[in-house]
Amino acid sequence: MNQPISSQLLARPVAFAPYQDNHGLRLDSAAEARAHAAGARVGISQAHESAQLHVTGSATYTDDIPELAGTLHCALGLAPVAAGRLLSIDLALLAAQPGVVRVFTAADIPGSNDWGSIVHDDPILCDGDIRYLGQPVFAVVAESREQARRAAALAKKLIQAEAATPVLTPQDAHAKSQYVVPPMHLVRSSSGLDEAGIQARIQAAPHRLQGQLDVGGQEQFYLEGQISYAIPKEAGGMHVHCSTQHPSEMQHLVAHALGVAAHAVLVECRRMGGGFGGKESQSALFACMASVAAQQLQRPVKLRLDRDDDFMITGRRHCFWYEYDVGYDDAGRILGAAVTMVSRAGHSADLSAPVMTRALCHFDNAYWLPEVAMHGFCGKTNTQSNTAFRGFGGPQGAIAIEYILDSIARQLQQDPLAVRRANFYGTATHNITPYLQPVRDNVIHELVDQLEERSSYQARRAAIAAFNATSPVLKRGLALTPVKFGISFNVKHFNQAGALVHVYTDGSILVNHGGTEMGQGLNTKVAQVVAHELGVDFARVRATATDTSKVANTSATAASTGTDLNGKAAQDAARQIRERLAACAAARHGGAAEDVRFANGQVTVAGKTISFETLVGEAYLDRVQLWSDGFYATPGLSWDREKMQGNPFYYFAYGAAVSEVVVDTLTGEWKLLRADVLHDVGRSLNPAVDIGQVEGAFIQGMGWLTTEELVWHPQTGLLMTHAPSTYKIPTANDCPPEFHVQLFEGANAMDSIHRSKAVGEPPLLLPFSVFFAIRDAVAAAGGHQALPPLQAPATSEAILRAIGAVQAG
Ligand code: MTE
Ligand code: HPA
Ligand code: MOS
């Protein structure tokens with residue numbers, strides 16, 4: 001049917017039924033029920049610990065906390081130009097606005113005017129130098145949120161600035177050698193060549209490919225925006241409720257801004273309505289500002305952004321620009337690759353350096369590169385400071401090699417899957433990454449074999465060729481792309497965690513750990529680990545809000561390590577309690593402590609069975625400590641930042657996806673018809689939660705590569721796409737009608753928590769397959785003769801431009 005896609009869509013009832021379609025394929029509920037009966041509490045599709053609260057609207061987010069009497073509201077006045085000098089602010093007029101209690105500028109911050117996470121280059125309020133359009137210049141505190149926002153909206157009129165010409169693109173920053181951190185170089189040769197030698201190897205190869213690629217950024221679009229609620233406490237203390245992935249860092253930065261010690265500041269987060277990396281560092285500006293106002297006024301102060309301000313103030317995924325030069329052989333094997341990556345870092349360093357490090361360490365993706373020269377530049381621009389977003393540079397690094405391999409296959413007129421396979425890391429040889437960590441747990445060969453089979457890749461490849469041969473307007477495309485993703489923070493000391501487990505005398509259990517809940521199911525998994533360790537039902541364990549006064553010096557919940565780190569720490573705490581309980585049971589009832597068994601809420605000791613709570617009561621009377629702390633530090637990690645080598649990752653997570661699309665070559669519209677995913681989470685702690693993470697990451701990554709486009713005005717530097725009206729994230733209707741997500745069978749080779757693997761970020765790379773399926777369809781529009789110059793995001797406009805190019809060329 002060669003009707004336009006839009007009319008096909010109208011004709012087709014919207015099908016959102018990925019669950020019914022293939023329920024049996026995805027979860028083995030009978031096996032899980034048997035394991036549960038035998039006492040297992042991990043490996044079970046336990047519902048999210050807050051599922052009922054979420055769907056009934058009774059889950060408490062920061063803005064839902066009942067406000068204390070006397071609470072004031074803060075709003076931020078934003079810079080009206082992207083670069084230049086702040087000349088003056090009409091503070092008198094601001095102070096005279098209805099309801100306004102106080103206006104703050106940089107001079108009113110008692111401690112340091114800085115919220116920078118690594119490099120201290122992020123002013124809370126503008127210190128004279130205007131860095132981007134939207135930068136907070138003043139804060140206004142009023143009796144109501146409405147009054148504060150009305151006053152702040154006068155910023156455009158009341159701020160006098162001397163405007164300069166902004167630097168907006170990574171290319172422009174690169175041309176001016178303007179970077180937020182020094183350039184990074186990762187040059188590695190398996191045959192001892194220097195960079196000139198690698199370049200010569202590329203030139204001497206049977207085939208050569210040179211090109212450039214643009215990949216756009218992405219807004220986190222957490223449903224709950226940035227928010228902090230600061231409550232002054234006695235003797236200079238501050239209690240901050242903050243939607244943040246990093247309570248400890250918020251604690252430290254608030255303490256610096258207030259000029260007090262860390263012990264005076266308590267930061268608490270029960271849950272976030274999504275973080276996606278956007279609350280790893282960038283929650284700090286709001287935590288600091290609300291706290292400064294609360295301290296100065298000695299009244300509670302809430303600062304909640306509206307969506308447009310959130311877009312205008314905070315950064316997001318870095319867009320990247322690449323220039324590449326590769327040499328390859330007749331089989332499409334890469335013999336040498338040189339790549340320059342330039343990111344749009346924005347006005348400050350934020351996390352741009354570790355993001356670029358991860359990008360450079362993921363350019364290899366699943367492929368062995370014998371000779372590689374990589375150069376990473378974090379371009380300093382007059383835009384929001386870009387930051388963490390699910391994948392943290394990994395997706396930006398890996399998409400470049402995928403683009404290169406896709407192009408090589410097209411130049412050789414081979415199936416891209418064959419070329420990808422020819423480059424896969426080996427298992428025993430050809431398995432050293434550019435940063436010299438060996439890949440020891442490679443499952444990509446069997447995983448891709450299984451997926452190729454289950455998705456009927458070859459048969460569909462033939463069917464699509466047949467369809468395209470007779471379909472002049474609609475073209476179909478297909479692609480299979482693999483993922484290999486390194487798990488651990490690429491900063492060694494972040495890989496540690498702590499937990500506290502309390503067993504109360506009624507046998508109920510409370511667990512607190514350093515991780516934060518953002519919907520990903522961390523609390524559910526940690527509570528499962530504790531229930532499993534103590535042999536009790538899940539319902540007996542309650543997870544509490546993350547709180548810097550309970551577990552100190554925590555890392556961000558990031559790098560997908562939440563469960564790996566906090567799960568191990570909580571297991572350590574629970575195990576200590578179990579061992580004390582076992583010793584108590586043996587002392588009272590006989591037998592050896594090692595033989596005491598805990599399962600299904602029962603304790604078996606010397607042939608007797610007693611309930612868990614009975615033993616807990618006995619242990620209390622025997623003065624046994626019924627609570628414990630726990631700690632974990634990931635073993636075996638190393639990283640030399642200068643040489644860019646070491647063992648930055650504890651293990652790798654793998655996955656692959658096959659996507660099929662149809663593209664309307666007259667309008668550039670497209671539709672994802674079917675996606676098949678096989679993803680490696682090791683031995684899943686919770687298959688339902690893991691599948692949810694894979695599905696969510698897939699659709700989120702698809703949005704990044706297709707519909708989500710950020711546009712800054714090329715002269716003024718105004719971010720013009722700052723609301724859902726102009727920035728298009730995917731919805732339920734963008735899920736493919738056929739969406740088969742399966743978990744790969746196999747345990748983690750490393751001793752992770754119950755041999756599971758991290759799941760949060762790696763599946764964000766799976767929808768590369770959607771982008772390359774679109775590129776495949778575009779290539780078909782040109783009879784597979786020309787390389788489609790498709791850039792990301794592949795918006796309908798970008799698709800049409802690429803079709804125009806392949807049909808012209
Ligand atoms: N899932 C939901 N529902 N909401 C989120 O904000 N963030 C992602 C991922 N999955 C996120 C999510 C990101 S960026 C990371 S690093 C991990 O969750 C963090 O949690 P984990 O380490 O516990 O997996
Ligand atoms: N991921 C997320 N946050 C980080 C990382 C990382 O790899 N390294 C430092 N901060
Ligand atoms: Mo995730 S980007 O590491 O918060």
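Analyst: A term to begin with: a helix axis here is a line fitted to C-alpha atoms over the stretch in contact, and angles between N-to-C directions run from 0 to 180 degrees. Keep in mind that this is a predicted model.

User: Fine. At what angle do helix 18 and helix 19 cross?

Analyst: Roughly 25°. Helix 18 covers residues 522-534 and helix 19 covers 562-589, and their axes come within 9 Å. Angles under 35 degrees count as roughly parallel, so helix 18 is roughly parallel to helix 19. The crossing is right-handed.

User: Which residues of helix 18 make the contact?

Analyst: Leu522, Lys525, Val526, Val529, Val530, Glu533 and Leu534. From helix 19, the contact includes Gly562, Thr563, Ala570 and Arg578.

User: What angle does helix 19 make with helix 20?

Analyst: About 85°, with the axes 10 Å apart. Helix 20 is residues 612-621. That angle makes helix 19 roughly perpendicular to helix 20. Leu581, Cys584, Ala585, Arg588 and His589 of helix 19 take part. Among their partners on helix 20 are Phe612, Leu615 and Val616.

User: And the make-up there?

Analyst: The contact of helix 19 with helix 20 has 8 nonpolar residues, 1 polar and 2 charged.

User: Zooming out, what domains is the chain divided into?

Analyst: Domain 1 is 1-38 + 443-490 + 647-809, and domain 2 is 71-165 + 226-304. Domain 3 is 167-214 + 317-426, and domain 4 is 496-633. The C-alpha centres of domain 1 and domain 2 are 39 Å apart.

User: Last thing. Where does pLDDT stay under 50?

Analyst: Over residues 8-25, where the model has 21 contacts beyond four places in sequence. Where pLDDT is low, the predicted coordinates should not be read in detail. For the protein chain, mean pLDDT is 96, and 97% of residues reach 70 or more.

Methods: Residues numbered from 1 in each chain as written. Chains lettered and ligands numbered in written order. Predicted model: local features only at pLDDT ≥ 70, side-chain atom pairs only at ≥ 80, totals over all residues. Heavy atoms only, no water. Helix = DSSP H or I, 4+ residues; strand = E, 2+ residues; numbered from the N terminus. Parallel < 35°, antiparallel > 145°, perpendicular 65-115°, else oblique. Left-handed = near helix turned anticlockwise from the far one by under 90°. Contact = heavy atoms within 4.5 Å. pLDDT = per-residue confidence, 0-100. Domains from an automatic or database assignment. Nonpolar A, V, L, I, M, F, W, Y, C, P; charged D, E, K, R; others polar.
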